[in-house]
Amino acid sequence: MTDEDAGVDTCDRARWPRRAVLAGLAGAGLAATAGVADRIAPPGAAPPERDLADVRRTAERPADAAGFASRDESYARSAGPIERASAVRQPAPAPAPAPTPGPEFPTAAAAAAATEVTVATILDPADPVVHLLRRTTFGPTPELVAMVHAVGIDAWLESQLAPGTIPDPEADAIWAAFPLASADPPTIRASVERARWDAMNDHSTATMARQVWSNRQLFEVMVDFWANHLNVPTPGPGGWDVGPAYQNDVIRRHALGTFSDMLVDAVRHPALLRYLTAAQSTKESVNENLGRELLELHTVGVASGYTEDDVRNSAYILTGRTVLGRDAGDDESTFRYDPDKHWVGPVTVLDFHHDNSTA
């Protein structure tokens, strides 16, 4: 992909606030950070006299490689042997017994009624309906609050979990006003100048309109959440013709479906493969970006104990995934698996093993 195909834009789109997502993830992130700090400098002990470069060189686990930025630097190697102090994997600690499954409350309404807000807030916590709508919508309106009070929390949530049954004329009309937002890649290539961001800009605007006016608010919140989790910036580099299709066919399609289905489709989509430069990864020059993000961000996370070897092996497994170029004619920008580019040899990622003996 050339710089021209990637496109250039001097104005980045401001992201919509994700307070609910950030609030939910903050605790996990802080806990993980605290665990890293404990391993590097235990409480009560003087920190070792080692510079950051030394930490990067000797850490065997991504979780021990200082902060997020340095961890990415340390483990995003495109080619060459892995240097590490020891090749012996330390056994993972025995997992804690799984809790007995079962809801704490019989219904969402019962949970809301029993919830007590114990932190300082400028918001009025007295109404559980408003509390719910701040987290499951892009903002409660007086009309929406009145409706949920009338039908009840449980009935409203049940209807929101079946978005196809909810009439949405205003949002549908606004979406239709931006035809490139739902166009497939061949239509976009036939409609706009190569590498222009018209279709991605249309999709961005139409998506925000749906967030504001849609009656399917919970669905739109989940679309926004998954678009963040399996992030491909739209607008963004490499997505001029395939970005809208990624958002529509992967994120929106699976927003209330199963994560495994969404992940498989994402990692086979040209937009993600371009964005993480995975389409350029070959057996001769392995690019670790997608292999690392699958482990660190998309699935198990650094707390799982994966190592630099696991990152490398994850990248080996993914070699051969390509995106067809301009010489493919009508098939341009489609996903293909090219066995000639696939790295062959035994692979191990955490508890997964495979002989990977053929391309």
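Predicted model: local features only at pLDDT ≥ 70, side-chain atom pairs only at ≥ 80, totals over all residues.
Biologist: How many aromatic pairs does a search of the whole structure find?

Modeller: A pair of aromatic rings is described by the distance of the centres and the angle of the planes. When the whole structure is searched, the number of aromatic pairs found is three.

Biologist: How are the rings of W226 and F259 arranged, stacked or edge-to-face?

Modeller: The ring centres of W226 and F259 are 5.5 Å apart, and their planes make an angle of 25°. Because planes under 30 degrees apart count as stacked, the arrangement of W226 and F259 is stacked.

Biologist: How many residues apart in sequence are the parts that W226 and F259 tie together?

Modeller: W226 belongs to helix 12 (residues 217-229), while F259 belongs to helix 14 (residues 259-266). The pair therefore ties together parts whose separation in sequence is 33 residues.

Biologist: Which residues form one aromatic cluster with F225?

Modeller: W226 and F259 already form a stacked aromatic pair. F225 belongs to one aromatic cluster that also holds W226 and F259.

Biologist: Where does W343, the partner of Y316, lie?

Modeller: Y316 and W343 form a stacked pair, with 3.8 Å from centre to centre and 5° between the planes. Y316 counts as buried at 15% relative accessibility, whereas W343, at 21%, counts as partly exposed. Y316 lies in helix 17 (residues 308-318), and the pair ties together parts 27 residues apart in sequence, so the place asked for, that of W343, is the loop between strand 2 (335-337) and strand 3 (347-349).

Biologist: Which ring has R210 over its face?

Modeller: R210 lies over the face of a ring at 4.1 Å from the ring centre, and that ring belongs to W175. R252 also lies over the face of W175, at 5.5 Å from the ring centre. The ring asked for is therefore that of W175.

Biologist: Are helix 13 and helix 14 roughly parallel or roughly antiparallel?

Modeller: Helix 13 (residues 243-254) and helix 14 pack with their axes 9 Å apart, at an angle of about 170°. Because angles over 145 degrees count as roughly antiparallel, helix 13 and helix 14 are roughly antiparallel.

Biologist: Which residues of helix 14 make the contact with helix 13?

Modeller: On the side of helix 13 the contact is made by Y246, D249, V250, I251, R253 and H254. The residues of the contact divide into five nonpolar, one polar and four charged. On the side of helix 14 the contact is made by D261, M262, D265 and A266.

Definitions and conventions
Residues numbered from 1 in each chain as written. Heavy atoms only, no water. Phe/Tyr/Trp six-rings, centres within 6.5 Å; stacked < 30°, edge-to-face > 60°. Helix = DSSP H or I, 4+ residues; strand = E, 2+ residues; numbered from the N terminus. Buried < 20%, exposed > 50% of the residue type's maximum accessible area, 1.4 Å probe, protein only. Lys NZ or Arg CZ within 6 Å of the ring centre and 35° of its normal. Axes fitted to C-alpha atoms, helices over the stretch in contact; angles between N-to-C directions. Parallel < 35°, antiparallel > 145°, perpendicular 65-115°, else oblique. Contact = heavy atoms within 4.5 Å. Nonpolar A, V, L, I, M, F, W, Y, C, P; charged D, E, K, R; others polar.
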